[in-house]
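Please read the following report alongside the sequence and the coordinates.

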Amino acid sequence: MMIRAVALFCFFVVNASVNSLTHAAAFIDPIRFSITTQTTEVVVNEEFEIEIKADLIDIPINTVYVFKSARAFRLKLILPQGFQQTGGSFHDFVGLELTASKPTAVFHLKGKFVSAERAGVFQLLRSHENANNSSDFVEVGRLPFGMAETASESPSNARIALVGTISYVPYLTMASLRQLPDTATTVFITDQGRAGTFKLNPSSTRADDGALTIVSSGKRFERVFEGPVNVEWFGVKGDGTTDNTATIQAILNRTDIPNIFFPKPAVSYRLKEMFMRSNKNIVFADGTIVEGLGTLGLEERMVLMNGIQNVTIKGNNVVFKDQKANYTSGQQRHIFTMLGVTNVTIEGIAANNSGGDGYYIGSSVWQKFSQNVKLINISADNNRRQGLSIVSGKNIEIISPVLTNTNGVAPSAGIDIEPDNADEFLEGIRITNPITKNNVGGGIVILIDDFKGTNRVVDITVTNHHDDGSFYGTYISKATGAIAGSIVFQNPLWKNNKSNGLCVSNYSVNACTIQVNDATVIDCNVNGMAHAVFGSAFLVYREANAIGDANIGNVHIVRPKVEDTRSTKKIFSAFAFDDVSKKGSIKNCSLIDPVVINGLNPVNYVHFAVLEDLALSDKNEKLTFDIAQGNRTLTYGFYKRVFHNATSTGLRTISLNSLPANYPEITFEVRNAQILRLIPTVNDNIVPVAPTKGKYIQSATVGSKITLRKTSTNTWQVKDMIGTWTVQP
């Protein structure tokens, strides 16, 4: 016996007028689908075959209305629980176009039940020729089964009987269903943008929303769907002109809609603002554009998340953008604003052309930090104030962001990490693979002064930061008091910066440690400052009129690289440490083993002013200098860890100029049997070997070496000495 489940469709002959068709609400599918099997019953693990067939019906075009593109199809089969496919020619989204010359298509499915279930059904669904998992499908056939089990049978040998059925699915408009209720319990709604299958639910009490529920003569038909709700079902339009603000907000306000999908619009979705709600998962189709109206007030945001939790917003090449040109004042009209949120993920979204920031992460009146926030593969371009602001957060992950062309109001950074108040937090901030480019301010800016004297512990790590063309690669300022914690940069690359690759300004020695590991600076100082301090690749300084702690420092630069590849060199010095204000010393800093210093005048590699407790290492000998054929005078800007005379052909002198107390120690080596003479100023001495002021010391013995440190205004102290050094008579 053959058991058949055939999908039948109603149609109406059009003999009167177009209006008669409209009132009759008839659309017809020109293809008849069937799903059949020759097997009457099977047992668990017994393989059998199902045939799926599509036949083109010969319907005269002048007598019926056939909805567009219905001759081409794709099929999806929903398998019952306990069934396992083992072979056959059928797979999900199989399909083709039927024509008069090819009116039939047949597919086969082989499989078996691996467990016995009480009830189940094979559901055959069809959609258009380019359908995928996000498309609307209608049921066109089904093959139910039931289990017959005797007392002697166990679940492993239960007999499973297949039972035939007939499916009846009329094609209707919403208006027609409301006006002329159909006797079917399942209908396919054909309204553009709202198409889909609806089934009668006698127990439903939902209101007619024209999207998920349709009420017809008191009967409620509810949409059959899996996955997210499509905003087009509610009438959201992507025509580039319609203001969808109210419609989208109504969707967001519904607690029964946790999952929301935005298909790719024809142009863009327009809206003024969105107030996000908790427990929402929003997915945008690839390439979607959401465009602001450019009418936000001074304190209004395009997408506001305030005190909510459990939100994901995802897409690929999705762009949110506002009308920046409309905002000539203010700086708070952000695209995405997260205030005191918990468990928020945004992925694959661009936030462009705002009157404020692309993204803002901060506190709310309910929670003084946002926590467990992830921004993945996001970008921000041409925003007025910041690409991304991190104001208060715990466990914030920023992964592979691209933040470019920020301009308008200061700081105009790619990323700005800056608390507004002392009661906020910067804990567990992790930024990985950020790219910043052409920002008027810094690629990354860190300003933590609000935490001075508090119990806050700063914990920021930035890995693989690449900046190209921003004013600074990274700018850290200011911290004028004690702050606990650490700021770590791993493997940054800063190039083509208008000023310095790294600038640390007015940063208290008592503030949290700044550790910069394996940094590379290429072709910075594009503005061409001919100054040892402001034309440097790495700068730690305090400006002339700054206030703050007595001493600045606690900056540690490890294995740095500096290169100037331009034909006209502009990097004046590789490293500069200077308290220009002369308020105090620079303390507790490190410069460890520079790896590359290329394209610079070797006389200007390092500019040191007053430093104390400097950790200095030069295993790659990048701070080693051969005085060769010239005599030298030490100055602030001409520091080297080691001076030697390896290629000198005669007596060479090094004048120990009036350098300040606590100037970093220097080693002088005799590598050639020529005299190397060290001459202090007339008011300085070299103790203990030359305690008389103004007396030089010298050596011509290969292997002789002496290390000096300026310990007071008029004293050079011998820290270490090898070989023979004689004193001026």
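The text below takes these topics in turn, after a note on conventions.

This is a predicted model, in which local features need pLDDT of at least 70 and side-chain atom pairs count only at pLDDT 80 or more, while totals for chains, interfaces and linings use all residues. Residues are numbered from 1 along each chain as its sequence is written, and side-chain values use heavy atoms, with hydrogens and water left out.

**Pocket.** The second largest pocket holds about 550 Å³ of space; a pocket is here an open set of points on a 1 Å grid over the protein atoms alone, where a 1.4 Å probe fits, with protein on both sides within 12 Å along at least five of seven lines, and lining residues have an atom within 4 Å of a point. Its lining comprises 25 residues, and S135, F137, V224, F225 and E226 lie nearest the centre. By class, the lining divides into 10 nonpolar, 9 polar and 6 charged residues. Strands (DSSP runs of E, at least two residues) contribute to this lining, with β5 (72–78), β9 (119–127), β10 (138–148) and β15 (196–200) each supplying at least two residues, and the largest share, 3 residues, coming from β15.

**Sheet.** Three strands form an open sheet in the order β47-β51-β55, with parallel pairing, where two strands pair if DSSP finds at least two bridges between them. Because β47 (552–553) and β55 (611–612) each have a single partner strand, they stand at the edges, and one side of each is left without a neighbour in the sheet. Strand β51 (residues 586–587) is joined to β55 by 2 bridges, and K587 has E612 as its bridge partner in β55.

**Salt bridges.** With a salt bridge taken as a side-chain nitrogen of Lys or Arg within 4 Å of a carboxyl oxygen of Asp or Glu, the count comes to 26. The table lists examples.

| Pair | Closest N to O distance |
|---|---|
| E291 and R270 | 4.0 Å |
| R385 and D357 | 2.7 Å |

R385 lies in the loop between β30 (379–381) and β31 (386–390) and D357 in strand β28 (residues 357–362), so this pair ties together parts that are 28 residues apart in sequence. Burial is judged by relative accessible area (buried under 20%, exposed over 50%, partly exposed in between, with a 1.4 Å probe and protein chains only). R385 is buried at 10%, and D357 is buried at 0%. E291 and R270 are both buried. R142, at 21% relative accessibility, counts as partly exposed, whereas E139, at 8%, counts as buried.

How values were computed. Points joined across faces, edges and corners; volume = space filled by probe spheres on them. Helix = DSSP H or I, 4+ residues; strand = E, 2+ residues; numbered from the N terminus. Nonpolar A, V, L, I, M, F, W, Y, C, P; charged D, E, K, R; others polar.
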